[in-house]
Amino acid sequence: MSGDQKDSLAVLLLKVAAQVALLGPGGRAELRRMSLETGCADLWRILATVGIDGSHEPWVRFAKITAILTPNKEKPEDRKVHNGKSRLGAVLFKNDVSEARLNRLCSAPLAQRRDLLERALRGLKTPEGVDLVTVGLLLCSEAPDTVRCVARDYFTAQVSANMKDNAA
């Protein structure tokens, strides 16, 4: 995937995330529970608004994961979950996702990775948000560079935590 393709994909991913943040609690709950095969009305509305062909499974999964991660706040502007500085690998480490689980996620073929990623992100605590572009790239692309970045960020966070523990 070229740099321009990644940039275009990133714009679409963030537009979907922004639309999910605008939904009320019932709409987000419906997205969290929806079947990947059938979707739901709010999903199709979001994808049509953004201009995405909703038959593509990664988009359905991305909307579902975004709804899972979106905090239940009163104001839509407080529901934003994307934070480009909050690296996915570091967030996984901070949430005590095991190395074994990270390894399964990173080594899985794309179709299996999608399911593993959703499971890994369910129940995560992300008060500072998470880089949703990386989440989307993991869902949409076989490119190994995104997987390497997630692993690098996980182990960088681990090394940093160990250094802090050793210094104390």
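Biologist: Is Y154 buried or exposed?

Modeller: In this predicted model, Y154 has a relative accessibility of 3%, so Y154 counts as buried; the cut-off for that class is under 20%.

Biologist: How is a pair of aromatic rings described?

Modeller: A pair of aromatic rings is described by two quantities, the distance of the centres and the angle of the planes. The structure holds 2 aromatic pairs. In one of them, the ring centres of F93 and Y154 are 5.5 Å apart and the planes stand at 90 degrees, so this pair is edge-to-face.

Biologist: Which parts does the pair of F93 and Y154 tie together?

Modeller: F93 belongs to helix 5 (residues 88-94) and Y154 to helix 9 (residues 144-167), so the pair ties together parts 61 residues apart in sequence. Y154 also pairs with F155: their ring centres are 5.0 Å apart with the planes at 75 degrees, so that pair is edge-to-face. F155 has a relative accessibility of 32% and therefore counts as partly exposed.

Biologist: Which residues do the ring pairs link into a cluster?

Modeller: The cluster consists of F93, Y154 and F155.

Biologist: Where does D96 lie, and is D96 buried or exposed?

Modeller: D96 is in the loop between helix 5 and helix 6 (99-107). Its relative accessibility is 68%, so D96 counts as exposed.

How values were computed
Residues numbered from 1 in each chain as written. Predicted model: local features only at pLDDT ≥ 70, side-chain atom pairs only at ≥ 80, totals over all residues. Heavy atoms only, no water. Phe/Tyr/Trp six-rings, centres within 6.5 Å; stacked < 30°, edge-to-face > 60°. Helix = DSSP H or I, 4+ residues; strand = E, 2+ residues; numbered from the N terminus. Buried < 20%, exposed > 50% of the residue type's maximum accessible area, 1.4 Å probe, protein only.
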